[in-house]
Amino acid sequence: MSEKFDVIVVGAGPAGTACAYTCAKNGLNVLLIERGEYPGSKNVMGGVLYRKQLEEIIPEFWKEAPLERPVIEQRFWMLDKESVVQFGYKGLEWGQEPYNNFTILRAQFDQWFAKKAVEAGALLINETVVKECLVEDGKVVGVRTDRPDGDLFADVVVLADGVNSLLGKQLGFHKEFRPDEVALTVMEVINLPKDKINDRFNLSENQGCTIEIFGDSTKGNLGTAFLYTNKESLNIGVGTTLSSMTKAKLRPYDLLDHLKTHPMVKPYLEGGESAEYLAHLIPEGGYRSVPKVAGNGVVVVGDAAQLVNAIHREGSNMAMSSGKMAAEAIIQAKNDGDYSESSLNRYREALYDSFIIKDLEKYKDAAHTFEKHPQYFNDYVPMMNQAASKFFTVDGTPKREKQKQIMQSITKEKGRIKVLQDLYRAWKAVK
Ligand SMILES: Cc1cc2nc3c(=O)[nH]c(=O)nc-3n(C[C@H](O)[C@H](O)[C@H](O)COP(=O)(O)OP(=O)(O)OC[C@H]3O[C@@H](n4cnc5c(N)ncnc54)[C@H](O)[C@@H]3O)c2cc1C
């Protein structure tokens, strides 16, 4: 195949497909290359898809996309060994148009999304690995695939090859990521009848719930766990940064077993049947890890550009929006006949002007702070649980006295100054 394309997109995940769809819809000649047997076959996600960013690409997608449940409740758990402090929000408005977000299964969703790109005019080839970018005179001019005679050419190559982005590394856009810049997450899909899910999570037909779990879910290490409802299955997973995992000598599958057998979690899973076991990395370096995203004839989108807001578990939406922004810059570049770095830097400008980089910038110190000061997960989560237990146990002690005792036990354990310092540091990291 020696045909030259306007655009070659490497990777049919949310970022690559959003870019391919937008380019094809605007009349560009697009090739989308996926190494998996089909889009989504290798992809892993906890499962929350945000409405807003996909709607900007495919209006009213919820009328046709393979979605599981609209999420009407988001819960947050501070988990101790045998207790949990919980808070969250449930709103029926999220169960109807225009919706807030949905749970999805990636194998189904990615196939549907890629089909939309193909319908818009993109050519999709599966089971094809891009081994390297072809560079001539400092400009990316195509890709080398693992197919016989597998060199393919384009005006622009889009690197949407996910968190490891070997191609980005080959081009010198980023180095090997440090263990504190990536989290390893393992998850399981557990089949459970619809009625059981609805009863256990207090849901009606076509309503979903997400639970983010901190504290004992990661044995007090930096990281989170999640439990999400699909139509007839649950997604449960847990992850920590590679550095925390190594430091605490944790094995990811042991963490997942620990979570599944925790007395606060186990009742939700009872009677379920394991359908799938998956593991994947998540880029968590944030703002400071975002690499160069545009070069001569090349742009980098989604996880390959480290665009994940781990605090708000937003990744797929950032992937799609970055793919769309990159496509818009490529369309403009085609109109101008200029595929240089300075032309494609329009994508970088749009990215840095958007919620994506603004949000990553807001939390730029968070991961580092919480990793360096493990007391937030180790000490304060158990303290919150003990305080709640004490406060809500009716034992004849006046409430004001209880408040005093709780404050005394916290400051006795940590010291008043230390507690104030910790509070200030946490506030600074997320303000
Ligand atoms: C356990 C887990 C839970 C998550 N939960 C959420 C969540 O609830 N909500 C959310 O918004 N985000 C979540 N995320 C993050 C989200 O999954 C990612 O941010 C998103 O998938 C990034 O999309 P992408 O297209 O950039 O990369 P990917 O989805 O990783 O897609 C990359 C694609 O490129 C292909 N590819 C890679 N290399 C090559 C190559 N050389 N040649 C050809 N093809 C190649 C891959 O097969 C893959 O299809 C989660 C991630 C994980 C791991």
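Which residues is Asn-43 in contact with, leaving aside its neighbours within four places in sequence? Ala-12, Gly-13, Arg-106 and Asp-110. Keep Arg-106 in mind.

A word of caution before going on. This is a predicted model. Everything I say about distances and contacts is computed from that model.

Back to Asn-43. Where does Asn-43 lie? In the loop between strand 2, residues 30–33, and strand 3, residues 48–50. With Asp-110, the contact is polar, side chain to side chain, at 2.8 Å.

Now the ligand. How many residues surround the ligand? The count is 35. The closest are Glu-34, Gly-46, Arg-106, Asp-303 and Ser-316. So much for the list; here are some polar distances. Arg-106 puts a polar side-chain atom 2.7 Å from an oxygen atom of the ligand. That is the Arg-106 that Asn-43 also contacts. Two backbones come in as well. Pro-14 has a polar backbone atom 3.2 Å from a ligand oxygen. For Ala-160, a polar backbone atom sits 3.5 Å from an oxygen of the ligand.

Next, the domains. The assignment gives three stretches to domain 1: 4–66, 104–175 and 287–353. Domain 2 runs over 180–283. Domain 3 covers 367–430.

I want to look at domain 2 against domain 3. Their centres, taken over C-alpha atoms, are 26 Å apart. Domain 2 gives 12 residues to the contact, and domain 3 gives 7.

How much area is buried between domain 2 and domain 3? About 650 Å². Carbon and sulfur atoms give 57% of that. On the domain 2 side, Gly-215, Gly-220 and Leu-222 lose the most area to domain 3. Together they make up 60% of what that side buries.

Lys-247 and Glu-371 meet in a salt bridge through their side chains, N to O at 3.8 Å.

Which elements of domain 2 each supply at least two residues to the side that touches domain 3? Strand 12, residues 208–215, and helix 6, residues 242–247. Helix 6 has the largest share, with 3 residues. By class, that side of domain 2 has 2 nonpolar, 7 polar and 3 charged residues.

Last, two backbone details to check on screen. Go to Glu-97 and Pro-98 first. The peptide bond joining Glu-97 and Pro-98 is cis, with omega about 10°. Pro-98 is in the loop between strand 5, residues 84–90, and strand 6, residues 101–103.

Then go to Asp-137. Phi there is near 50°, a positive value in a residue other than glycine. Asp-137 also has a loop position, between strand 8, residues 130–136, and strand 9, residues 139–145.

Then move to Lys-247 and Glu-371, the salt-bridge pair. Thank you.

Note on methods
Residues are numbered from 1 along each chain as its sequence is written. This is a predicted model: local features need pLDDT of at least 70, side-chain atom pairs count only at pLDDT 80 or more; totals for chains, interfaces and linings use all residues. Side-chain values use heavy atoms; hydrogens and water are left out. Domain bounds come from an automatic or database domain assignment. Contact means heavy atoms within 4.5 Å. Buried area is the accessible area (1.4 Å probe) that two parts lose on being put together, summed over both. A salt bridge is a side-chain nitrogen of Lys or Arg within 4 Å of a carboxyl oxygen of Asp or Glu. Helices (H or I, at least four residues) and strands (E, at least two) are DSSP runs, numbered from the N terminus. Ala, Val, Leu, Ile, Met, Phe, Trp, Tyr, Cys and Pro count as nonpolar, Asp, Glu, Lys and Arg as charged, and the others, Gly among them, as polar. A residue is near a molecule or strand if one of its heavy atoms lies within 4 Å of it. A polar contact is a pair of N or O atoms within 3.5 Å; within protein, one must be able to donate a hydrogen and the other to accept it, and residues adjacent in sequence count only if both atoms are side-chain atoms.
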